[in-house]
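Visitor: Please show me this structure and walk me through its inside.

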Amino acid sequence: MSPITKNSLIELNARDRVKAVLDEGSFRELLGPFDGLESPHLPPQGIVPQSDDGVVIGRGQIDGEEAVVISIEGSFQGGGIGEVSGAKIAGSLELALRDNKKGIKTLPVMLFDTGGVRLQEANYGLLSISEIGAAVIALRQHVPVVGVIPGNVGCFGGMSITAGLFSHLIMTKGARFGLNGPEVIEQEAGIEEFDSSDRPLIWGTIGGTQRFSTGFVDELVDDDVTEIRKAVQQAFFDKGKEINKTEQVDFYRHFLSQIDPSKPIDPQTIRELWKQVRNADIPKEVDVHSFPELDMPNSRGRAWFKALSGIEEPKGNIPSVLYGDSILGKERVRYISVVPNPYNRFPRARHGEVGLDEGWAIAKCVRDAVEKDKNGDPRAIVAIVDVPSQAYGYREELLGIHFALAAAVDSYSTARLAGHPVISLIVGNAISGAFLAHGYQSNRILALNDDGVNVHAMSKQSAARITRRSIRDLEEATRRVPAMAYDVTSYSSLGALYELIDGIDADTPGEQDIQTIKDKLTDAIVDTRSRPHDLSNRLLTKEAINGGRTASIKTRKLLEQQWNSIHMIYSS
Amino acid sequence: METLTFEYNATRTIHQRSHVGVVGSGDLEVLLEPSSNGQAQITIRTGSEGFGDAWKAVLDRFFLVNDIAAKVTINDFGATPGVVNLRLAQALEVSQDVPNHQK
């Protein structure tokens, strides 16, 4: 645990944390408690909302430079991201991007204290996090994006993937930083995998000291306001054109290739290995699978990959991530699909989950396309989505699965910004971090209207446990709140889908089915070519405008009105 | 969740609006706004149902001593009467600070 210091940041609430990081007296709050933007989704579920929805947006200066500081209140609903809080974060990053693009330098800082998606607003949280990630990646091209993980909650779930995208991360010893919370891993994988009551084990795996010692955070600080404020200032001063962790695909693939998952591993060994690999020559290719690709099970992801690409014997960097190029009408298309590999060297990723190897392999094949097309004519990239979840396990957390998933997020987003039409086709499950990594950064999302197509933030069992409800109560709540439902029809009412496609045999597509989907993909690619490279289209669909994203749109609009109001006062 | 409302006659005014607390375990947030209708109007949303009498006892006493004309919004997450009283006093204190530009 951190020593008790005189001037603790952890003990401050979200608003006072912002004031502590900004230059004294410069704090101006946007969308504060009196602006009436609370969650519209919590009261119908019998949950008391908070007037700022648990996120404080402060403008002011850092060391004399214009800045925006975003702070998440960990004491309110575990710092979970809902529609309003998510839109406050995404919206302010989008405005910081706009200003930096215009040459108005604005330093972005996020003070994390979050369990990830707020499960009571499940799909709104997941959607928001994909939009936050997109903004961070675009913003990073102009200015360093600096994050602080002080504790007590730490940084988990989809927001740990977001943090993985940041240019510079500062953390205290007392904080924890990982994809899956200990309780969720215990629920999904059993107490033998991870004992959520064993505190030394938890901090030894995902605590600040271990994260710093294996390079997942850049700086370890004491819980002291002055020290943290200086670290934030220094981060902007120091950061030049450094390569982000999530862009170091060959390094991390090589690092993971040195792990033998059939043997026990411990935090100390990983620290030593990390030091060793950091100073070694990094090969461009790695060999991490020794299994022959025999009798690989069929799955929707595999069936649709073969059907659309026409590649009968697909190859990939690893057997669980298929990719290949083919021609669709006048378009060159790279198809990517994550599929089950029962022989996966990581046992927790044998059913089609996006695990450590999968995240970095996706990043490898997406970045390969970007690199090959960098002189023009960016090919389309189609993510075929059939992913039950991210991999839940002890090894996964220790080895930084949130960075593997962030690497995939980063690669798709980078491709999109480089002008590649990135299209997702959901043919099966699109759950949680797996969907964030594989499919949620696309310009256009298409989905089959089929009972086997589910979009959600967490399995029902885990969601029930974490929100302390029975599965029956959870299902009851999903009837009233479409964002909590698992079925794709409810999901489509949020407006994130470009098209929901009826009448397709999702398991064994026939010739007509395949042709229909090819036509739909072609339409989506052509539509994307003439439109902006960001994700703004998700807020412009008929469904989004007619109620699906009401709070997301309103929050962004009010935020924009307040963004520069101080300058207006000066000039009048 | 339960919504409770209370009203008291008031004679005093407050200088500015104030906000204290968070909707976290055992805590609550209080929003205080000046009002010109000579009343304190309190709206409470609480996750702990069935404590209307306890709320009344705390508020009767507080607004008897501090008869301020204000719109009071409370979002409660299981705060004890002692914590409620403390947060109300804190909100009142902040609301009576003279704003910077009037000093």
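A few questions and answers follow.

Guide: This is a predicted model, where local features need pLDDT of at least 70, side-chain atom pairs count only at pLDDT 80 or more, and totals for chains, interfaces and linings use all residues. Residues are numbered from 1 along each chain as its sequence is written, and chains are lettered from A and ligands numbered from 1 in the order in which they are written.

Visitor: Which residue of S4(A) does Val68(A) stand opposite?

Guide: Strands pair if DSSP finds at least two bridges between them. Strand S3 (residues 65-72) of chain A and S4(A) pair in the parallel sense over 5 bridges. There, Val68(A) faces Pro108(A).

Visitor: Which residues touch the most other members of the largest nonpolar core?

Guide: A nonpolar core is a set of buried Ala, Val, Leu, Ile, Met, Phe, Trp, Tyr and Cys residues joined through C-beta atoms within 7 Å. The largest one has 173 residues. The residues touching the most other members are Leu405(A) and Leu425(A).

Visitor: How many residues of helix H12 of chain A are buried?

Guide: Helices are DSSP H or I runs of at least four residues. H12(A) covers residues 356-372. This helix is mostly covered, and of its 17 residues the buried ones number 13.

How values were computed: Helices (H or I, at least four residues) and strands (E, at least two) are DSSP runs, numbered from the N terminus. The expected span of a helix is 1.5 Å times one less than its number of residues. A residue is buried if 20 or more other C-beta atoms lie within 10 Å of its own, exposed if 12 or fewer, and partly exposed in between; C-beta atoms are placed from the backbone.
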